[in-house]
Amino acid sequence: MSHTVGVRQAQKQQSRRALLDAGLHLLEHQNLSGLGVREVTRAAGMSPAGFYRHFRDLAELGVVLVEESLASLHGLIRGALAEQGEAAELIDRTVELIAGHVREHRAYVRFLARERHGGVQPVRAAIAAELARFADEVAEALGAQSESAGWSAADVRMLAELYVDHMVATAVAFLDADGPATEERIAGTARTQLRLISVGRRHWRDV
């Protein structure tokens, strides 16, 4: 009996995964608001009725994709925060991490780029909530650094949001790179912007 239950559970997870993968693939070329359940189930090799055994609607599927997308982005942010070294080295490494992340998770990054300001409110809200949570984590890490001595909590949070927004914007920019030259230009711009943020951080309390 337990074996049968285990098989059924595995089949259910497999079907759910097929729907998520099909949705993510289709969303590389369109917005969630323009996607239909029949399109997703056709791509997943399932009947439309099968969709509703896993998700209430496409918005719920989209929220799950947000969780998966930002789980990978969370790993990127954690990696950047854990880096040690001189400021210039950290900046170079951070940009390399972002470029590598886009290469490995292109479909997820494109999904976030499309839906962050898209027409499906629950998905927009999920993205905003997760990015805010990341900013909280970055703010906690920045607040523990000596460079933040004397900063107000609000200013540290502002800096954290700036870093998170910059990482997301840089990841989206890498999506459109059509070759090594374009990728290097994007990387160069990102490095310069991070240096500007770093310089501003050092002199913020002098303003």
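Biologist: Is Y52 buried or exposed, or something in between?
Modeller: Y52 counts as partly exposed, at 48% relative accessibility. Buried means under 20% relative accessible area, exposed means over 50%, and partly exposed lies in between, with a 1.4 Å probe and protein chains only.

Biologist: What should I know about the model itself?
Modeller: This is a predicted model, in which local features need pLDDT of at least 70 and side-chain atom pairs count only at pLDDT 80 or more, while totals for chains, interfaces and linings use all residues. Residues are numbered from 1 along each chain as its sequence is written, and side-chain values use heavy atoms, with hydrogens and water left out.

Biologist: Which ring does Y52 pair with, and how?
Modeller: Y52 forms an edge-to-face aromatic pair with F51, at 5.2 Å centre to centre and 80° between the planes. Rings of Phe, Tyr and Trp (its six-membered ring) pair if their centres lie within 6.5 Å; planes under 30 degrees apart are stacked, over 60 edge-to-face, and the rest tilted.

Biologist: And what about F51 and F55?
Modeller: Their ring centres are 5.6 Å apart and the planes stand at 45°, so this pair is tilted. Both F51 and F55 are buried. F51, Y52 and F55 form one aromatic cluster.

Biologist: Changing topic: how many salt bridges are there?
Modeller: The count is twelve, where a salt bridge is a side-chain nitrogen of Lys or Arg within 4 Å of a carboxyl oxygen of Asp or Glu. One of them joins R157 and D136, at 2.0 Å from N to O.

Biologist: Where do R157 and D136 lie?
Modeller: R157 lies in helix α8 and D136 in helix α7, so the pair ties together parts that are 21 residues apart in sequence. Helices (H or I, at least four residues) and strands (E, at least two) are DSSP runs, numbered from the N terminus.

Biologist: Last topic: which residues line the largest cavity?
Modeller: The lining consists of L73, H101, V109, L112, A113, V168, A171 and V172. On a 1 Å grid over the protein atoms alone, a cavity is a set of points where a 1.4 Å probe fits but cannot get out, and lining residues have an atom within 4 Å of a point.

Key
1 Å grid on protein atoms, 1.4 Å probe; cavity = no way out; pocket = protein on both sides within 12 Å on 5 of 7 lines; lining within 4 Å.
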